[in-house]
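Okay, everyone, thanks for coming. Let me put the structure up on the screen, and then I'll walk you through a few things in it.

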Amino acid sequence: MTKVETQQEPAQREGTSQAADVKGRIVQFLWHLERENRSKRTIDCSGKFLNILTRIGADLLDPDSVKEKVAKQTLWKENTKRMASAVYKSFAVFNGIPFTPPKYIINQKLPFIPTEQEIDSLIVASPKRLATILQLLKEIPIRIGEALALKWTDIDFEHNGIYVNTTEKNGKPRAFKISTRLVNMLNALPRKNERVFGKTTYTFMETQFTNTRKRLATKLQNPRLIQIHFHTLRHWKATMEYHRTKDILYIIRMLGHKDIESTLVYTQLINFESDEYHSAVAQTVDEARKLLEGGFEYICQKDNFMLFRKRK
């Protein structure tokens, strides 16, 4: 028995040493991402996936082990497997480990768009800081990481404006007008840090938001609420603004996108249009101007009358 135990001890020490080595490499990799100015959300997500891989038994120093363990996760969606493989590829490149990720077939789906009433019900049911974040994301289509990075100096309380200077995914800085309601909610927050939402992490806010929407979905018997995530509000705002303006270039600038491909999805999410119209006639330039300001669309001119229409 003593001999067996003696033989097992070196193996145990070796396993413990390797686990410590892997843990140290994860920490070094996350520090590397921070030095490369990657977003806090990207760093948190990378750490989360790497820790999950180790928990399911993958040896991060052995690419074949990672592929095998990921392939066996029958409850994972293809997109989750793709994200796990993408995170591991970055980790492997950093550590000089050759790795070719498997190819995953992702079924493209249109983003879920909730109703405004559903969004407002979540805002009302949320704690103060979370409610403020949700109201912010409802009014201006920024990412949650950009919201958490906002500083008090980015807010113009006198003119109800917000300047988004810290962007994600190489997005462009942009400015937005916000409601008086949101200004009041922001003013009600404590100012203990240069950042508007203090040292709050994405992980903490996501957990709080998940619990809030599950609780409210049960209370209101509305399972659709569970599908609302932080990024859903960005989709909602972009969709509403496109169908209000029909200006795809405006939506690109508003979202901070650098190419049109990422923005075109918002042109097909919801069809608000019908075949029924209100019609109106203008005889003067002033009458025509008022109709245009009221949302009417100019059609043509006949016998000195300008014809306009607006969908019902």
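So, how many salt bridges does the rule count here? The count comes to 13. Keep in mind that this is a predicted model.

The side chains of D21 and R25 meet, N to O, at 3.3 Å. Where do they sit? Both are in helix α1, which covers residues 2-35. They're four residues apart, and that's about one turn of the helix.

Now for the rings. Searching the whole structure turns up seven aromatic pairs. Take Y88 and F91: their ring centres are 6.0 Å apart and their planes sit at 35 degrees, so this pair is tilted. To be called stacked, the planes would have to be under 30 degrees apart, and edge-to-face takes over 60.

Okay, let's zoom out to the domains. The domain assignment gives domain 1 as 22-95, domain 2 as 116-265 and domain 3 as 277-311.

What do they bury between them? About 410 Å², with 54% of that on carbon and sulfur atoms. On the domain 1 side, S39, R41 and D44 lose the most area to domain 2, and together they make up 88% of what that side buries. In terms of contacts, four residues of domain 1 touch five residues of domain 2.

And what about salt bridges across that interface? The rule finds zero. Yet by class, the side of domain 1 touching domain 2 has three charged residues, one polar and no nonpolar.

Notes:
Residues numbered from 1 in each chain as written. Predicted model: local features only at pLDDT ≥ 70, side-chain atom pairs only at ≥ 80, totals over all residues. Heavy atoms only, no water. Domains from an automatic or database assignment. Contact = heavy atoms within 4.5 Å. Buried area = accessible area lost by both parts, 1.4 Å probe. Salt bridge = Lys/Arg side-chain N within 4 Å of Asp/Glu carboxyl O. Nonpolar A, V, L, I, M, F, W, Y, C, P; charged D, E, K, R; others polar. Phe/Tyr/Trp six-rings, centres within 6.5 Å; stacked < 30°, edge-to-face > 60°. Helix = DSSP H or I, 4+ residues; strand = E, 2+ residues; numbered from the N terminus.
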